[in-house]
Amino acid sequence: MKHKLNFACQTSALSELRAFLQGAMSGVSLSEIEKHQVTLAVEEVCANLIIHSHGCNPEDYIHLEIKDSAQKLVFEISDQGKAFNILTYEAPDLKKSHGGKAKRWLRHYFGKENYG
């Protein structure tokens with residue numbers, strides 16, 4: 001089954017995203033904790049896109065598509081914002097900064113992230 005959502009690049013749209021994710025995962029065989037972790041991960045990616053790639057421009061949109069099967073969930077997030085270049089990424093000093101933790105968190109919970 002596929003679930004699709006387009007939402008404006010403003011932080012107030014994150015509550016709409018959260019409700020959409022909860023509805024889309026209602027029939028998925030994950031524990032409530034796992035569903036919460038997935039929601040946090042997708043929300044973090046989208047928040048970073050909204051803030052860093054689009055500058056909170058409500059004229060821009062993010063497209064989310066969730067494909068679920070008996071074996072896995074696939075989340076495809078696409079936009080037309082400024083691309084993140086993994087090759088020029090410099091890891092922040094986490095002792096000095098509270099930001100930049102999303103990549104580590106995503107890798108920890110999901111094992112990988114794809115930029116394309």
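F84 lies in the loop between β3 (73–79) and α3 (102–110). Helices (H or I, at least four residues) and strands (E, at least two) are DSSP runs, numbered from the N terminus. This is a predicted model: local features need pLDDT of at least 70, side-chain atom pairs count only at pLDDT 80 or more, and totals for chains, interfaces and linings use all residues. Residues are numbered from 1 along each chain as its sequence is written, and side-chain values use heavy atoms, without hydrogens and water.

**Two residues and their exposure**

Buried means under 20% relative accessible area, exposed over 50%, and partly exposed in between (1.4 Å probe, protein chains only).

**Contacts of H3**

Contact means heavy atoms within 4.5 Å. Leaving aside neighbours within four places in sequence, H3 is in contact with F20, A24, L64, E65, I66 and D68.

**The core**

A nonpolar core is a set of buried Ala, Val, Leu, Ile, Met, Phe, Trp, Tyr and Cys residues joined through side-chain atoms within 4.5 Å. The largest one has 20 residues. Within it, F7, L17, L21, V42 and L64 touch the most other members. Two or more residues each come from β1, α1 (14–24), α2 (32–53) and β2 (61–68). α2 gives the most, with six residues.

Take L17. Not counting residues up to four places away in sequence, L17 touches L5, F7, V42, E43, C46 and L64.
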